[in-house]
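Please keep the sequence and the structure in view while reading.

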Amino acid sequence: MKKRVGVIFGGRSVEHEVSVITGIQIMENIDKEKYDIVPIYINKEGRWLTGDSLFKFENFKENNLKDLKEIVFTPFHDDHNFYSHPNEKGGLFSNKKIVENIDVIFPALHGTNGEDGTIQGLFELMNIPYVGGGVLTSSVGMDKILMKDVFKANELPVVDYMWFYRSEWEEHKEEVLKIIEDKLKYPLFVKPANLGSSVGISKAVDNESLDRAIEIAIRYDRKIIIEKAVENPREINCAVIGYDNNLMASLCEEPLGFDELLSYEDKYVKSNMKGAKGERRRIPADIGEAKTKEIEEIAMKAFHSIDGRGNARIDFLLDEENNVYINEINTMPGSIAYYLWEGKSISFKELVNRMIDIGLKAHEDKNKNMYSYDVDLFNKVQFGGKARKM
């Protein structure tokens, strides 16, 4: 019997459109002999919708999504159905099931409100299997400050950095500028802590441009990270798939035409190719066998350090002396980074299969945990079956 997979995409995020592309790619490439697909679209207002028109990207371009029904999930343990929203015909008390018993969720969401642990918390409450990182993995992977703190604690290579809250900037602007300039040397990158796709990121080369860059970044987040820029860098990316200690690294890629910072357009509009001559990526990256091996090992250690599961892409920078620095980890990369796996004989379909299998395994492991305290069982284990004298 085929499992029913709910593919969720869209979301309240600046990466909404990228998520739509990823979601449709997953639905197009999923193994139809093993899975039935239920498309679930979260629009920019945060409404959850389902309908057959969600299967085709053309319907998004032409705004032809008229068959959609608004739905809701419940946070109740083991309720894996979804229901008509009260706004739908039948009203608040209709309690009409739209789909019964979704077996596993595949969140194809990028950025805030989807890749950051928020929606994963709902799935945990529902006790439903889901693909990708868990709550903590997703939140740490999204927050560039916590991410780098974890990497640094695990002796992984990161650039020098510091951070502050928006309120500190608003109340003590000159003091914050002085602290930054005392601790770090120009050039610098200024980033919102919790956004991807280069949104809100600027380079600062002096006091004036630093001030301007921070003013941009605080529009997107309350936490701002300042990083020492790597001079004349090369970007190298490597994906990792797996769970616990059973990990595998993909091929490495080098985005072509990279100049310190890839824009949103570079990443998602122009970069739809796979790296042949004249395209936007070189796969495998031309960095030599030893450096490739080094990056693969660091990628797997980074993935392991935040308790990664599923398939994540780790982005690196190489400086002029060929030193490696981790830039960030993407716990749900655009297009699930399928292009990094094809050279390892893993097709898009097989990649989706593996990600779903890992989600099911992680759910099985979670449900081995005890969620109530059994005094008799504790005494039996601790005292060899003998009652403890009180």
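Lys148, Lys191 and Glu227 are linked in a network of salt bridges. A salt bridge is taken here as a side-chain nitrogen of Lys or Arg within 4 Å of a carboxyl oxygen of Asp or Glu. Side chains of opposite charge can pair when their charged atoms come close. The model is predicted: local features need pLDDT of at least 70 and side-chain atom pairs count only at pLDDT 80 or more, while totals for chains, interfaces and linings use all residues. Residues are numbered from 1 along each chain as its sequence is written, and side-chain values use heavy atoms, with hydrogens and water left out.

A search of the whole structure finds 19 salt bridges. One of these pairs Asp211 with Lys173, whose closest N and O atoms are 2.9 Å apart. This pair links distant parts of the chain, as Asp211 is in helix 8 (residues 207-217) and Lys173 is in helix 7, 38 residues apart. Helices (H or I, at least four residues) and strands (E, at least two) are DSSP runs, numbered from the N terminus. Asp211 counts as buried at 18% relative accessibility, whereas Lys173 is partly exposed, with a relative accessible area of 29%. In these terms, buried means under 20% relative accessible area, exposed means over 50%, and partly exposed lies in between (1.4 Å probe, protein chains only). The areas themselves come from the Shrake-Rupley method with a 1.4 Å probe, and for residues only the protein chains shown count as cover.

Lys291 forms a salt bridge with Glu294, and their closest N and O atoms are 2.8 Å apart. Because Lys291 and Glu294 are three residues apart in helix 10, about one helical turn separates them. Lys291 counts as buried at 14% relative accessibility, while Glu294 is partly exposed at 33%. Lys293 forms a salt bridge with Glu297, with 3.4 Å between the closest N and O atoms. These two residues, Lys293 and Glu297, also lie in helix 10, four residues apart, which is about one turn of the helix. Both partners are partly exposed: Lys293 has a relative accessibility of 46%, and Glu297 has a relative accessible area of 31%.

On the surface, Glu168, Glu170, Glu171, Glu175 and Glu215 form a patch of negative charge. Patches are made of residues with over 30% relative accessible area and no salt bridge; like charges are joined within 9 Å, and nonpolar side chains (Val, Leu, Ile, Met, Phe, Trp, Tyr) within 5 Å. Helix 6 (residues 166-171) gives the most to the negative patch, with three residues. Glu168 is found in helix 6 and is partly exposed, with a relative accessible area of 34%. Ser167 lies in helix 6 as well, and this serine is partly exposed at 35%. Ser167 and Ile218 are 51 residues apart in sequence, yet 9.4 Å apart in space, C-alpha to C-alpha.

The cysteines come next. A search of the whole structure finds zero disulfides, a disulfide being a pair of cysteine sulfur atoms within 2.5 Å. Cys238 is in no disulfide, and the nearest cysteine sulfur, that of Cys252, is 4.2 Å away. Cys238 counts as buried at 0% relative accessibility. Cys252 is likewise buried, with a relative accessible area of 3%.

The backbone also deserves attention. Most residues other than glycine have a negative phi, and most peptide bonds are trans. A cis peptide bond joins Tyr186 and Pro187, with omega about 0°. Pro187 lies in the loop between helix 7 (173-183) and strand 9 (188-192). Ile283 and Pro284 are also joined by a cis peptide bond, with omega about 0°, and Pro284 is found in the loop between strand 14 (281-282) and helix 10 (289-305).

Positive phi values occur in loops too. Asn101, a residue other than glycine, has a positive phi near 55°. Asn101 is found in the loop between strand 6 (97-99) and strand 7 (104-107), and is partly exposed at 43% relative accessible area. Glu155 has a positive phi of about 60° although it is not a glycine. The place of Glu155 is in the loop between helix 5 (144-153) and strand 8 (161-165), and Glu155 counts as exposed at 75% relative accessibility.

Terms used:
Lys, Arg positive; Asp, Glu negative; His and termini not counted. Charge placed at Lys NZ, Arg CZ, Asp CG, Glu CD.
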